[in-house]
Amino acid sequence: MAMNVLRNPQPTNLVVWGFSCSITTKGELIMDNNIKPILKWAGGKTQMIPQIIVNLPSDLDKYTTYIEPFIGGGAVFFYMVQKEYFDSYIINDINEKLVNLYIVLRDNYSELLTKLELLKNEYLSLESLEEKEKYYYNIRTLYNENNTDLVNMAGWIIFLNKTCFNGLYRENLKGNFNVPFGKHNAPSFYDEQNLQNISTLLNRKNDEGEFIVKILSGTFEALEKYIDDKSFVYLDPPYRPVTKGGFNSYNKSSFNDDMQVNLKEFFARLDKKSAKLMLSNSDPKILDTEDNFFDNLYASFCINRVSAKRMINRDGKGRGSISELLITNYTVSQKDILVS
């Protein structure tokens with residue numbers, strides 16, 4: 001059952017299962033979070049962190065490893081890791097260029113910052129929007145040539161994300177980034193303090209001298225060997241479209257209904273291993289109230305419908321709060337929420 005802790009009309013400071021937060025006078029639950037995702041990412045979870053936190057299992061402290069097979073922009077991961085709630089973390093994505101960004105942030109932070117400063121200065125020195133457009137497409141071409149310089153690739157993915165249309169990351173079937181120029185005259189390219197904070201987090205090590213965050217690139221199925229009864233797994237796959245012509249494929253590996261079924265089977269296998277699981281996805285009933293795809297697929301698990309804000313849409317008028325799904329292999333009742 002979905003939970004609601006947003007009933008207090010007065011500003012209130014709370015601790016929900018060890019996570020600091022506050023309730024505004026409008027009843028909005030705000031999580032204290034000093035680190036933000038680097039990239040604007042379709043389906044990003046920054047706005048949904050409050051709902052995710054209050055839907056965590058009440059015995060979360062029994063789980064030592066956090067695993068996220070579809071890292072994307074990493075909003076939930078960044079929140080978890082900065083709170084040091086788990087002993088170790090595994091993040092993964094099939095998009096190798098995205099994963100490279102996180103590796104470079106860990107291993108080559110200074111070089112990446114130098115690259116970003118160069119890109120920023122070159123772009124802002126161009127006087128006309130036409131010149132900036134040409135510069136954008138030159139960088140996009142270089143990025144799609146899969147340059148072997150990993151620092152360049154990391155810098156370019158940030159640059160393209162900040163200057164492309166609507167902050168959308170999308171690849172064609174050849175694996176080439178194909179989002180057009182966003183006509184930004186002076187965008188905010190990066191937050192140096194935020195990048196430094198992320199680099200510091202990714203460089204944390206345990207007593208054995210190993211990184212507490214393992215960074216992988218591969219299919220979600222490849223992570224099964226890392227998951228056991230001490231794992232909390234958050235799955236945030238490419239969403240099933242809920243608008244006609246909507247985007248749900250952001251890389252060359254199309255995530256269709258067959259893949260959604262494969263993911264459910266993966267979910268079921270992890271459930272048998274006694275891992276705690278949470279999965280996000282779109283609510284198809286937004287478009288068709290008779291569409292029971294996920295209700296049928298995850299009928300043996302707990303399906304919660306929560307409100308989420310979505311900022312990436314071809315039509316700006318189509319942005320706003322919509323219903324999304326949080327699917328778990330455990331139940332959470334109102335009495336399970338520990339608030340102090």
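Reader: What makes the contact between Asp 291 and Arg 240 a salt bridge?

Author: The closest N and O atoms of the two are 3.0 Å apart. A salt bridge needs a side-chain nitrogen of Lys or Arg within 4 Å of a carboxyl oxygen of Asp or Glu, so Asp 291 and Arg 240 qualify. Asp 291 sits in the loop between strand S8 (276–282) and helix H9 (293–297), and Arg 240 in the loop between S7 and H8, so the pair ties together parts 51 residues apart in sequence. Helices (H or I, at least four residues) and strands (E, at least two) are DSSP runs, numbered from the N terminus.

A word on the source: this is a predicted model, where local features need pLDDT of at least 70, side-chain atom pairs count only at pLDDT 80 or more, and totals for chains, interfaces and linings use all residues. Residues are numbered from 1 along each chain as its sequence is written, and side-chain values use heavy atoms, with hydrogens and water left out.

Reader: Why is Arg 240 called buried?

Author: Its relative accessible area is 14%. Buried means under 20%, exposed over 50%, and partly exposed in between (1.4 Å probe, protein chains only), so Arg 240 is buried. Asp 291 is buried as well.

Reader: And what about Asp 257, which has a salt bridge with Arg 240: how is its accessibility classed?

Author: Asp 257 has 31% relative accessibility, so it counts as partly exposed. Its salt bridge with Arg 240 comes to 2.9 Å, N to O. Asp 257 lies in helix H8 (residues 257–272), while Arg 240 is in the loop between strand S7 (231–235) and H8, so parts 17 residues apart are tied together.

Reader: How many salt bridges does the structure hold?

Author: There are 9 of them. Another one joins Arg 305 and Asp 295, with the closest N and O atoms 2.9 Å apart. That pair links strand S9 (residues 302–310) with helix H9, 10 residues apart. Arg 305, at 32%, is partly exposed, and Asp 295, at 22%, also counts as partly exposed. As for Arg 240, Asp 257 and Asp 291, salt bridges that share partners join them into one network.

Reader: How do you know that S4 and S5 pair?

Author: Two strands pair if DSSP finds at least two bridges between them. S4 (residues 65–68) and S5 (residues 88–92) have 4, in the parallel sense, so they pair. One of the bridge partners is Ile 90 in S5, facing Ile 67. S4 also pairs with S7 in the parallel sense, over 3 bridges.
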